[in-house]
Amino acid sequence: MSVLVVAEHDNKNLKSSTLNTISAAEKLSEDIHLLILGNKIEDLAKSSKSIQLVKKVIICDHEKLENQIPELSSPIISNLAENYSHILAPSSTFGKNLLPRVSALLDVTQISDIIGIESQDTFIRPIYAGNAISYVQTDQKINLMTVRPTSFEKCEETGGDAAVENISFIDSEVKTTFVSREVSKSDRPELGNARVVVSGGRGLENSDNFKLLYDLADKLNAAVGASRAAVDSGYIGNEYQVGQTGKMVAPELYIAVGISGAIQHLAGMKESKVIVAINKDLEAPIFNIADYGLSSDLFQAIPEIIKELDLLNQIET
Amino acid sequence: MKVLVAVKRVVDYKVQIRVKSDNSGVETQNVKMSVNPPDENAIEEAVKLKEQGLANEIISVSIGDDKSQDVLRTSMAMGIDRSILVKSQNTLEPLAVAKTLKIIIDKEKPDLVLMGKQAIDDDSNQTGQILSALLNWPQGCFISNLKIENNKVFISREIDEGIENLETSLPAVLTCDLRLNTPRFASLPNIMKAKKKPLETIDIDTLGIDTSSKIKTLKVIEPPKRKAGIMVNDVKELVQKLKYEAKVI
């Protein structure tokens, strides 16, 4: 049977989470269809058809789909469902907001945030903030799943030539109107798929001090992250939060600065390849999972690290 | 306005959970249980709406065994007027939870339903969205700000890119993020008072809905442990290790 992947995008480009989700779909079927619901998405459709793993791109292009209101998009998806064995969406705030509505319309139980696919009907998902891993099996007529992007490689964006099919918009009476989106502009890599992440916690003490982290991040071409404590204290915006109720990251290098390491934070970053912890409190639990720990005052350590990195660069050039 | 808050009893967020030795699940006997943290934000928001004079009745609902009375009593100690416990011995999947809540909502006819954005035990993050679809009411998920004026509802949602602001109307289903508010502590006098507030019990079998599991848990295992690393003495050593040992910079 075919698998449908619901694309996350901004009407111009696919989010990288879509590419991870397509890789997950590859484990289920060779016939992968990509559904793009949006406004003025002709160019997006053209660029998406070159994804090698995608056999068909299904487009629903309508001005009402500009802002991804789930009340509007979910009936369009459920209407296509009978053609598919599985429907996948990224386990981002986009997919979390949307796919459970589809599950309600289809009267099936969705499986959230899968990190592995054992077979057509058996999936692996973390529970309890990743402190336990659950293997679940289902025999429902259709499987709806959100996919944790960091658990699957990004698929190639080139090499393919998928067919493009336009489907008509199904209007629903919706009482919700979009007002605005407050998106922080940054030249740094996206937190969800950066190679290096530099994260700050309560130890940074205030938002001004986060500038230290930005300087370090820029030296390493890293994304910036934060603990819930730092976000709750208003040092930095919610979109930077790493953890059980924030973002999941799995970079090659994660540098935790002034973060004690509550289990809820570890849930979001413990899949990182190399973890560095910098904290003056030797008892901080973050040291139990760090590959390299440095017990030091971060206000001294960070400028020193920047200096050392500059020295390394000088030697190399 | 009448507000209904859905509350789940979960293993306390501070407990280091243990996987059962037979790999059938997670140990929940003899561990501290509490109100699911973002459900506390939902309770707090309902209490605030009542204090502001916007809500005249606020009720809480939980689904679970008799012990779930604890979390309902906690909600009443925080200011909820009365509670309903839907008694179920089995753990329900989000779809079944939403169907159960819908029956209670059809009966109670609230104008607003609040709940946490996810339960910290199964981390599904589904129930509010499903309920909103079943009721055909507007959905507002992961909200960090709520303002209600003349039946208009203004919400800020925490999304991966930042904040999204939406306008919608009542009735609505809203799921709460941890930053929506700071839940109050129940004072001792209020804990005593809560013991006298009404708590109705309904047996789930009398509701006539299919609450059977659609998902079978084959096994639950512990995640792979990270092996302990090393402490470095100074910044110089750290940078050298990252460069030449880990080769990540």
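Me: Before we get going, when are two residues in contact here?
Reply: Two residues are in contact if their C-beta atoms, placed from the backbone, lie within 7 Å. Keep in mind that this is a predicted model.

Me: Got it. How many residues of chain A are in contact with chain B, and how many of chain B with chain A?
Reply: On the chain A side there are 71 residues, in contact with 63 residues of chain B.

Me: Which element gives the largest share of the chain A side?
Reply: That would be helix 4 of chain A, with 8 residues. By class, the side of chain A that touches chain B has 29 nonpolar, 27 polar and 15 charged residues.

Me: Which strands of the two chains pair with each other?
Reply: Strand 8 of chain A (residues 132–138) pairs with strand 12 of chain B (residues 215–221), antiparallel, over 6 bridges. Within that pairing, Val136(A) has Thr217(B) as its bridge partner.

Me: Back to helix 4 of chain A. At what angle does it pack with helix 3?
Reply: The angle between helix 3 (residues 70–80) and helix 4 (residues 93–106) of chain A is about 50°, and their axes are 9 Å apart. That makes helix 3 of chain A oblique to helix 4 of chain A. The crossing is right-handed.

Me: Which residues meet there?
Reply: From helix 3 of chain A, they include Pro70(A), Ser73(A) and Ile77(A); from helix 4 of chain A, they include Asn97(A), Arg101(A) and Leu105(A). By class, this contact has 7 nonpolar, 4 polar and 1 charged residues.

Me: How many bridges join strand 4 to strand 9 of chain A?
Reply: There are 5 bridges between strand 4 (residues 84–90) and strand 9 (residues 143–147) of chain A, and the two run parallel. Ile87(A) stands opposite Leu144(A) in strand 9 of chain A.

Me: Over to chain B. Is strand 1 buried or exposed?
Reply: Of the 5 residues in strand 1 of chain B (residues 2–6), 4 are buried, so the strand is largely enclosed by the rest of the structure. Strand 1 of chain B pairs in the parallel sense with strand 4 (residues 57–64) of chain B over 5 bridges, and Leu4(B) stands opposite Ile59(B). Strand 1 of chain B also pairs in the parallel sense with strand 6 (residues 112–116) of chain B, over 4 bridges, where Val5(B) has Leu114(B) as its bridge partner.

Me: Where is the cis peptide bond?
Reply: The cis bond joins Leu170(B) and Pro171(B), with omega about 0°. Pro171(B) sits in the loop between strand 9 (162–169) and strand 10 (172–176) of chain B.

Me: Last one: what is phi of Asn136(B)?
Reply: Phi is near 55°, a positive value in a residue other than glycine. Asn136(B) lies in the loop between helix 4 (127–135) and strand 7 (139–149) of chain B, and is exposed, with 12 other C-beta atoms within 10 Å.

Terms used
Residues are numbered from 1 along each chain as its sequence is written. Chains are lettered from A and ligands numbered from 1 in the order in which they are written. This is a predicted model: local features need pLDDT of at least 70, side-chain atom pairs count only at pLDDT 80 or more; totals for chains, interfaces and linings use all residues. Axes are lines fitted to C-alpha atoms, for helices over the stretch in contact, and angles run from 0 to 180 degrees between N-to-C directions. Angles under 35 degrees count as roughly parallel, over 145 as roughly antiparallel, 65 to 115 as roughly perpendicular and the rest as oblique. A crossing is left-handed if the near helix is turned anticlockwise from the far one by less than a right angle, and right-handed if clockwise. Ala, Val, Leu, Ile, Met, Phe, Trp, Tyr, Cys and Pro count as nonpolar, Asp, Glu, Lys and Arg as charged, and the others, Gly among them, as polar. Two strands pair if DSSP finds at least two bridges between them. A residue is buried if 20 or more other C-beta atoms lie within 10 Å of its own, exposed if 12 or fewer, and partly exposed in between; C-beta atoms are placed from the backbone.
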